[in-house]
Amino acid sequence: MKASKSWHLLLKKGHFSFEGGVCGVKMKQLPLMGIVCTVMLFIVYRTTNYQYQQTEIESKLHPFYTLKDGGMAASSLNSLPHGIIEPRSDLELKPLWTTSSTKSQDNVGSAHNLLAMPVGIRQKENVDTIVQKFLSENFTVILFHYDCNVNGWRDLEWSKEAIHIVAHNQTKWWFAKRFLHPAVVSIYDYIFLWDEDLGVDNFHPGRYLEIVRSEGLEISQPALDPNSTGIHHRITIRNRMHKFHRRVYDVRGSVKCSDDSEGPPCTGFVEGMAPVFSKSAWDCAWHLIQNDLVHGWGMDMKLGYCAQGDRTKKVGVVDSEYIVHQSIQTLGGASAKKGSSRQKYVKRHGVDVRLEIRRQSTTELQIFKERWERAIKEDKNWVDPFSRRRRRSLSRRHKLKV
């Protein structure tokens, strides 16, 4: 009986000893498994992060290779050896053969800024004045001929140095969307996308860019002389007391501009007649241009989202280098003034072109606003960087870190 009890007790001890051994092994394995899992997670993280960084580098170095816009997958280029793909281009003229003079020109270096303008032959004299100022600062010039009259410019000495694009009755934004792709203009530090009816007697592009660079303005415009005939927003008017300004104060009208104003047209705003973009800002703005809304109404109110940072700091109007907006409307023809040939045309054909253009512009403005609102609703991951709630959250985070 005692032996039975002793054996039973021994079995119990053995059992417990066995269980304790298993538990001991398990307890010893847990730290080891934790280390293994940590190492595996670290490897997965580093691999994923490396692949992401490589993708980012590839997209920057080879934007055409990775681009999926317009229904074209990157696989469409798989038949080419990767190293042969040249993702970027420019608007520089290339010689058909090399001479000693072209070699010396290459040594001097090519232009690093671009002036692009829609032009008609009626504004030839004014455009000539503008272009000559920019050429003196080694700009590349591209002219968008909406009246198809290219031959009328050939007597100008600089005409053969400019790029000429022809399309009948098309707007500045139509041309820009199709011929100023970011990959094509990537060598240019700044893109001036100007109208043709601007007076530049008090404007110097070199001095203008010095101010833009020193103040870190990604999107800018020269101020408008108060005597200009086409002033739509007070922020664009020249302030004689300043070199540049980023906001305006105005208690008149429907829009009140004060220190509390956080967006257009009080701050972070330039108008569409004479905008100047940095390379990075244009990359964003080009994507903002709608393919079918050719008049571009409403887009200037959203350009601040392309400022590469705080639009109240990165967007500004330069006062010391200013222009005159002459407000000459030539695209589509002149307005139907009393007793003019245009009025006779309207009576005969029943169409006032300028009136119809204005109607179309207003319609496009409404469409653009609706698209913006719809895009916000559909993009669940998008957060407005300029919303008050977001700025308060960032401010709280900054205070906690400090």
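Which helix gives the largest share of the lining of the largest cavity? That turns out to be helix 10 (residues 353–378), with 3 residues. Before going further, note that this is a predicted model, in which local features need pLDDT of at least 70, side-chain atom pairs count only at pLDDT 80 or more, and totals for chains, interfaces and linings use all residues. Numbering runs from 1 along each chain as its sequence is written, and side-chain values use heavy atoms, with hydrogens and water left out.

Let's start with the overall picture. The protein chain has 11 helices and 9 strands; these are DSSP runs numbered from the N terminus, with helices being H or I over at least four residues and strands being E over at least two. Of its 402 residues, 37% are buried, where buried means under 20% relative accessible area, exposed means over 50%, and partly exposed is in between (1.4 Å probe, protein chains only). Take the contacts (heavy atoms within 4.5 Å) between residues at least 6 apart in sequence: 72% of them join residues at least 24 apart.

Next come the nonpolar cores, meaning sets of buried Ala, Val, Leu, Ile, Met, Phe, Trp, Tyr and Cys residues joined through side-chain atoms within 4.5 Å. The largest one has 36 residues, and L180, L193 and W282 have the most contacts inside it. Several elements each supply at least two residues of this core, including strand 1 (113–119), helix 5 (172–179) and strand 4 (190–193). Helix 7 gives the most, with 5 residues. Setting aside neighbours within four places in sequence, L193 touches a whole list of residues, among them A116, F144, W173, L180 and W282. There is also a second, separate core of 32 residues, which includes I130, V131, F139 and L143.

The structure holds 1 cavity of 30 Å³ or more. On a 1 Å grid over the protein atoms alone, a cavity is a set of points where a 1.4 Å probe fits but cannot get out, and lining residues have an atom within 4 Å of a point. Points are joined across faces, edges and corners, and the volume is the space filled by probe spheres set on them. The largest cavity comes to about 60 Å³. Its lining consists of W173, I289, Q290, L293, G296, W297, M299, E364, L365 and F368. By class that makes 7 nonpolar, 2 polar and 1 charged residues (Ala, Val, Leu, Ile, Met, Phe, Trp, Tyr, Cys and Pro are nonpolar, Asp, Glu, Lys and Arg are charged, and the others, Gly among them, are polar). Helix 10 also carries Q360, which is partly exposed at 39% relative accessibility. Q360 and W297 sit 63 residues apart in sequence, but 9.9 Å apart in space, C-alpha to C-alpha.

A cis peptide bond, with omega of about 0°, joins P264 and P265, and P265 lies in the loop between strand 7 (244–245) and strand 8 (276–278). N169 is not a glycine, yet has a positive phi of about 55°. N169 belongs to the loop between strand 3 and helix 5 and is partly exposed at 38% relative accessibility. S327, not a glycine either, has a positive phi of about 55°. S327 is in the loop between strand 9 (315–325) and helix 9 (341–349), and its relative accessible area of 31% makes it partly exposed.

Key
On a 1 Å grid over the protein atoms alone, a cavity is a set of points where a 1.4 Å probe fits but cannot get out, and a pocket is an open set with protein on both sides within 12 Å along at least five of seven lines; lining residues have an atom within 4 Å of a point.
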